[in-house]
Amino acid sequence: MTGRGFFITGTDTAVGKTVVACALARGLRARGARVAVMKPVASGATRTPAGLRSADALALMEAAQAATPYAVVNPYCFEPAISPHIAAKEAQIEVDIAMIRRNFEVLAAEADWVVIEGAGGWFTPISERQTMADVAWALAVPTLMVVGVRLGCLNHAQLTRLAIEARGVSFAGWIASGVDPAMARTAENLAALERLLGEPALAIAPCEPGAASSLTLEAAAARLAQKAISF
């Protein structure tokens, strides 16, 4: 089996996409799968002797334990922590979705699963005309939604799911991310999300320091893989 994958989006930025993506990569590996990862577009990178590096992309590579060239995993890496379309314009770089697709195909040829993490939310712009939604559509893989469980999540989750399906991308399910430990009525909100989205969460993940390097979602990975196969 080669070429299967899923795209991870969020109901907003900073909702735990990297934590979830890394945990799913580790979960798939724990089940014996060969896993590749992608962070097609990243901003907020750090300058290193090897060039600009995204902490999210590096965390994904560590979780996958795959010896893949960095430029294949993260072809578009920008230093300022701003919207990717602004960063790309300032760097005089045009994000080429066709090139992202080619990188995905290279990874898919060598792995059982490719875990792809988006930037920001579903409609985060990557150029004057295109968004992360166009990347997910071009890669032709189902999308998993990470819901940041905080005030407003009921609205944001429903809007994001509707937008995913309106773009013609298969919805692979959702994972709850505990971004606000002080949120009131968490259990009631999770129950509402399950009712409004029509299915239970694949997992409830903590969004806390260190989780990206330690959390493993093996059961969720198995359920997600089974769902993705059916699309």
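I looked up Asp12 and found it partly exposed, with a relative accessible area of 34%; here buried means under 20% relative accessible area, exposed over 50% and partly exposed in between, with a 1.4 Å probe and protein chains only. The model is a predicted one, in which local features need pLDDT of at least 70 and side-chain atom pairs count only at pLDDT 80 or more, while totals for chains, interfaces and linings use all residues. Residues are numbered from 1 along each chain as its sequence is written, and side-chain values use heavy atoms, with hydrogens and water left out.

I then noted that the side chain of Asp12 meets that of Arg150 in a salt bridge (3.3 Å, N to O), the term standing for a side-chain nitrogen of Lys or Arg within 4 Å of a carboxyl oxygen of Asp or Glu. This pair links distant parts of the chain, 138 residues apart, with Arg150 in the loop between β8 and α7 (153-166) and Asp12 in the loop between β1 and α1 (17-30). For the element names I kept to DSSP runs numbered from the N terminus, helices being H or I of at least four residues and strands E of at least two. Arg150 is partly exposed as well, at a relative accessible area of 26%.

**Other salt bridges**

I recorded a count of 11 salt bridges by this rule. Side chains of opposite charge can pair when their charged atoms come close.

The next pair I checked was Asp112 with Arg34, whose side chains meet in a salt bridge (3.0 Å, N to O). Asp112 sits in the loop between α5 and β7 and Arg34 in the loop between α1 and β2 (35-38), so the pair ties together parts that are 78 residues apart in sequence. Asp112 counts as buried at 13% relative accessibility, whereas Arg34 is partly exposed with a relative accessible area of 41%.

I also looked at Glu199 and Lys227, where the salt bridge is 2.8 Å, N to O. Glu199 belongs to the loop between α8 (186-197) and β10 (204-206) and Lys227 to helix α10 (residues 218-230), so this pair ties together parts that are 28 residues apart in sequence. Glu199 is buried, with a relative accessible area of 17%, while Lys227 at 24% relative accessibility counts as partly exposed.

**Helix α6 and what follows**

How many of the eight residues of helix α6 (residues 132-139) are buried? I found six of the eight, so the helix is largely enclosed by the rest of the structure. The buried residues of α6 are Met132, Ala133, Asp134, Val135, Ala136 and Leu139. Their cover includes β1 (4-10), β3 (41-43), α5 (97-108), β7 (113-117) and β8 (143-148), where contact means heavy atoms within 4.5 Å.

After α6 comes Ala140, in the loop between α6 and β8, and I noted its positive phi of about 55 degrees although it is not a glycine. Most residues other than glycine have a negative phi. Ala140 is exposed, with a relative accessible area of 62%.

I found a positive phi also at Ala14, about 60 degrees, and Ala14 is not a glycine either. Ala14 lies in the loop between β1 and α1 and is exposed, with a relative accessible area of 56%.

**Thr68**

I placed Thr68 in the loop between α2 (55-64) and α3 (70-73), and its relative accessible area of 18% makes it buried. Leaving out residues up to four places away in sequence, Thr68 touches Met61, Val73 and Leu107.

**The chain as a whole**

For the overall picture I noted that the secondary structure comes to 10 helices and 10 strands, and that 52% of the 231 residues count as buried. The C-alpha atoms fill a box of roughly 45 × 40 × 35 Å along the principal axes. Among contacts between residues at least 6 apart in sequence, 78% join residues at least 24 apart.
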